[in-house]
Amino acid sequence: MLYSKLFPKTLKQVPSGAESVNHQLLVRSGFIDQLMAGSYTLLPLGWKVYLKIENIIREELDKIGCQEMLMPLLHPRDIWDKSGRWSDPNVKEIMYQFKDIHEREFGLSFTHEEIVAYILSKFIKSYKDLPVLLYHFSTKFRNELRAKSGILRGREFIMKDLYSAHISEEDMWQWYEIVKKAYVEIFKRVGLDAKVVEAAGGVFTKGHTHEFQVLAESGEDVIYYCQKCDFAQNQEIYDGEKKCPRCGSEIQSASSIEVGNIFPLGTKYSQALGVAYQDENGKSQDVWFASYGIGMTRLIGTLVEVFHDEKGIIWPESVAPFTVHLVGLDLEEESIKTEAEKIYKLLQAEGVAVLFDDRVGPSAGEKFSDTDLIGVPYRVVISKKTQGKLEVKKRNEKNTHFVTLEALVKMVR
RNA sequence: CGGGGACUAGUUCAUCGGUAGAACGCUCGGUUUGGGACCGAGAAGUACAGGGUUCAAUUCCCUGGUCCCCGACCA
């Protein structure tokens, strides 16, 4: 990608009203643009990051046997009446509900339990059809009482939601643990140190469900966790103990951002929507459900909250929009321009995602400021000072050093 | 939905009862070139909307809208 062609350009000033770090940096660096409160466009750079994250999740979920699909966002009222949630006051608060010109009632999706149950009720016949794990990445609409913190809490946001269906509670819990492990791996690959935090159980279980929390000052949640082992609980269930019940070490608290959660649903939806299978004896049985979510856009915001400095974003390599930010200085000199273009093409040929600042006018300082702001992991400079070599600086390090093209390619792989 | 703040050029802000100004950005010309360079010229505004007070309102008052922050609620 040529920086001269990239839409849009970076902003020098902090947009008015943007107070949270993720909001300020993502807007200034051109990753997102606000349409209204809690509603943002993912601009080309932001979308690149989104796709990187999406692919990591897709890989990890497919690895354990989940199947990706895509469900509609516009839902007829009757399916929500079956679960009784259309008229639930708590649901009415957050669900966008409206009528079309024929007075038919619709709602915009804020979750997909009803739809998944509806699909499964059609196709699940036998115990042989289970278990099945279905997921999709899609928009969620929530009429938030208060959208806030930039991209962390929106009224329209992208979520990955996964639903698993099972022949029994035992099977459900078994898969619950498998998905939990996959989630741990996902967050690790994305670059985040997410804590697996115990949360209140559902209606039918005395056990705990789990939230994935990332420590961050800007987080809305507070969690209590052990300094030594991986014990952690959310505010809802923490009972005030000073010592860890598992290892006896100190418990400490911190604010955090919930980036994902997993919880068993039991048979509530299968009963409401008639999702049943025949067991080995030909007897009809309810299907057991569990659901698992990851807030995709929130995850992007969380990454910025965690990985930034006073100059800009510092993307983990696994999710960065580009791997190398190639900066050409002194480009009005034909020989340097030619060399920079050559390196740009060679890096591309090596399969390296590179953003090439090919602008001739701007000063070195302006270009460097842009690299820091955008936060690509490797900055590579070519100028009359570099004399045929490549000057490399990692975004999260201070020192620069000179390398050959071969060495650089090896480094970024 | 309660409490607070804001709304003026593309952006960030200043002005202040007498019909608007800077910086940045943008365009053109020139000088620069390793941390958001400099000089000159230029384009750019229904001051959120409606109502009221006034000789006169961007400015004061009221109503509404929008955005941000705190709270209740939540991926």
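Which residue in S23 is the bridge partner of Val392? The close-ups below get to that pair. This is a predicted model, where local features need pLDDT of at least 70, side-chain atom pairs count only at pLDDT 80 or more, and totals for chains, interfaces and linings use all residues. Residues are numbered from 1 along each chain as its sequence is written, while chains are lettered from A and ligands numbered from 1 in the order in which they are written.

**View 1. An open sheet of five strands.** The order is S20-S19-S21-S22-S23, with mixed pairing. Strands here are DSSP runs of E, at least two residues, and helices are runs of H or I, at least four, numbered from the N terminus; two strands pair if DSSP finds at least two bridges between them. S20 (354-357) and S23 (400-403) sit at the edges with a single partner strand each, so one side of each has no neighbour in the sheet.

**View 2. Where S22 meets S23.** S22 (residues 390-394) and S23 run antiparallel, joined by four bridges. His401 is the partner of Val392.

**View 3. Pro44 in helix H2.** H2 spans residues 44-63, and Pro44 belongs to this helix. Pro44 counts as partly exposed because 13 other C-beta atoms lie within 10 Å (buried means 20 or more, exposed 12 or fewer, partly exposed in between, with C-beta atoms placed from the backbone). Leu405 is 361 residues away from Pro44 in sequence, and their C-alpha atoms are 28 Å apart in space.
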